[in-house]
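Welcome! Please take a moment to look over the sequence and the 3D view before reading on.

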Amino acid sequence: MNNQLRKLFVVVLLMFCALGLAVTHNHVLRAPQLNADSRNARSILHAAETDRGPIIVDGIAVASSSKIEDTRRYQRTYSEGPLYAPVTGYFSSTFSQSTGIEAAASQVLSGDSSALLIQRIRNLFTGNTRQGGGVALTLDPQLQRIAAEKLGSRKGAVVALDAQTGAIRALYSSPSYDPNTLAVQDGAAAEAAYEALVADPSRPLYNRAIAGDLYRPGSSFKVLTTIALLQKGVAQPDTHMDSPTEATLPTTRTSIENYGHSACGNGNPTLAEAFARSCNTTFVLASASLTHDDLAGLTQKFGFGDSLEIPLKVTPSIFPEKTDPAQLALTTIGQFDVKVTPLQMAQIAQAIANNGEMMKPYLINEILDADLQTQSKTSPTSLGAPISAEVAHALTRMMRDVVEAPYGTARSLLGLPFPIAVKTGTAENGDEHKRTTASVMGFAPADNPQIAFAIFVEGDDADPQPTGESAAGPILRALLEAGIK
């Protein structure tokens with residue numbers, strides 16, 4: 001080979017190498033980015049032509065795909081759209097966007113999951129087109145429907161967990177929306193529906209159960225404050241506590257009073273009585289015996305600040321990084337900068353119900369192939385024991401008194417054929433309308449827990465200052481009447 005041919009060979013070889021590197025870069029390194037690009041018409045077309053698998057609740061498909069006549073496209077439909085939208089989310093091939101389970105379990109639903117490898121290999125030999133797998137959810141349709149019906153048009157959220165396993169039996173956020181309007185093949189109509197939902201001041205796309213702006217827990221947080229007092233040895237349930245009608249925040253002239261400016265028993269009740277009465281002054285004064293780290297460390301053990309996927313992404317609950325004495329006193333009654341998801345409060349209730357062991361919440365019970373045969377099943381996972389069984393038992397007795405004691409804040413829940421353990425809460429939102437958010441968390445039956453729950457109801461024009469008993473109590477009663485076997 002002469003010198004000129006040798007140079008030409010080297011140039012051609014370098015060109016082939018450059019071409020190979022460019023192809024590798026685009027098809028391997030940049031593939032995820034290009035596939036996710038909303039301008040990629042090929043990805044949009046591919047998504048529209050994929051027979052996505054069903055999302056199933058109690059054996060019924062609540063999200064499914066059907067082929068559009070005389071096309072290669074599939075239409076995604078949601079049989080009970082708003083009821084399950086906080087969980088299913090939506091899948092839109094027109095503007096290549098998905099949320100909820102549609103996004104979190106997309107690999108399964110589109111057929112790309114490693115759990116469906118055998119199915120894909122079988123399709124290679126049979127010549128069948130690719131079909132997505134299905135996901136069977138843990139939801140109880142009756143509980144989900146009750147949550148939606150009882151919340152009605154009010155803003156709020158309902159979460160119910162299996163007290164032993166953490167399986168999510170109900171997860172509803174109100175107001176909801178109809179995902180069918182976002183799944184239509186008409187791109188302009190889908191975009192218009194999306195823009196209308198984004199512009200809606202009630203923010204229906206916010207999943208208030210696990211995300212959104214989060215809630216101040218109010219007196220529901222006294223469960224954690226009480227745990228801190230018990231663990232530190234500051235008090236026991238029968239310890240008498242100073243509980244005046246008003247108390248001044250440390251180092252300030254600002255006074256805090258009990259709800260409705262009511263007295264707390266005789267002014268020196270036991271911790272158990274103050275807990276059942278939900279006396280603010282008891283816990284504000286008791287904060288002097290606690291440090292910021294006492295409460296911050298406890299909330300961390302319960303998962304505040306941690307990332308969690310169920311597989312939907314859950315916004316971490318917040319405990320302030322630092323507090324002065326007055327701010328710490330406010331946190332003991334669930335005010336200041338404490339913010340939680342309803343799921344977080346349900347998890348706390350679940351841990352107490354489960355002798356101190358917290359289980360990871362989960363929504364997907366089984367992954368199915370295209371023939372709806374089980375490929376994998378979720379096993380319950382422990383997140384550790386943030387409290388001892390002894391503390392859990394003490395809290396259970398105190399939470400029962402919230403309903404059973406003559407001075408309890410949830411007396412309206414009496415009459416159920418089983419005991420329940422709850423804590424009510426009413427949180428000030430600090431807005432110009434002076435509205436409150438009502439809550440109730442706990443578990444039932446108290447002596448053999450099946451369901452752990454948290455319900456939050458926001459104040460509105462008709463009822464600006466709801467309480468846990470008045471607004472969340474009726475929802476809870478209906479939920480338990482249907483859910484306890």
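This is a predicted model: local features need pLDDT of at least 70, side-chain atom pairs count only at pLDDT 80 or more; totals for chains, interfaces and linings use all residues.

Let us begin with the largest pocket, which holds about 900 Å³ of space. Its lining is made up of 33 residues, and those nearest the centre are Asn-258, Tyr-259, Asn-280, Thr-426 and Glu-428. Strand 10 (255-257), strand 15 (421-428) and helix 17 (468-483) each provide at least two lining residues. Of the contributors to this lining, strand 15 gives the most, with 4 residues. The table sorts the lining of the largest pocket by residue class.

| Class in the lining of the largest pocket | Count |
|---|---|
| nonpolar | 7 residues |
| polar | 19 residues |

Next comes helix 4, which spans residues 81-88. Is this helix enclosed or open, given how many of its residues are buried? Because 7 of its 8 residues are buried, helix 4 is largely enclosed by the rest of the structure. The buried ones are Gly-81, Leu-83, Tyr-84, Ala-85, Pro-86, Val-87 and Thr-88. After helix 4 comes Gly-89, which has a positive phi, near 65°.

Finally, find Val-284, which sits in helix 12 (residues 280-286). Val-284 has a relative accessibility of 2%, so it counts as buried. Which residues does it touch, leaving aside neighbours within four places in sequence? Val-284 is in contact with Ala-247, Leu-249, Ile-256, Ala-329, Thr-332 and Ile-333. As for Ala-247, it lies 37 residues from Val-284 along the chain, yet their C-alpha atoms are separated by 7.3 Å.

Note on methods
Residues are numbered from 1 along each chain as its sequence is written. Side-chain values use heavy atoms; hydrogens and water are left out. Buried means under 20% relative accessible area, exposed over 50%, partly exposed in between (1.4 Å probe, protein chains only). Contact means heavy atoms within 4.5 Å. On a 1 Å grid over the protein atoms alone, a cavity is a set of points where a 1.4 Å probe fits but cannot get out, and a pocket is an open set with protein on both sides within 12 Å along at least five of seven lines; lining residues have an atom within 4 Å of a point. Grid points are joined across faces, edges and corners, and a volume is the space filled by probe spheres set on the points. Ala, Val, Leu, Ile, Met, Phe, Trp, Tyr, Cys and Pro count as nonpolar, Asp, Glu, Lys and Arg as charged, and the others, Gly among them, as polar.
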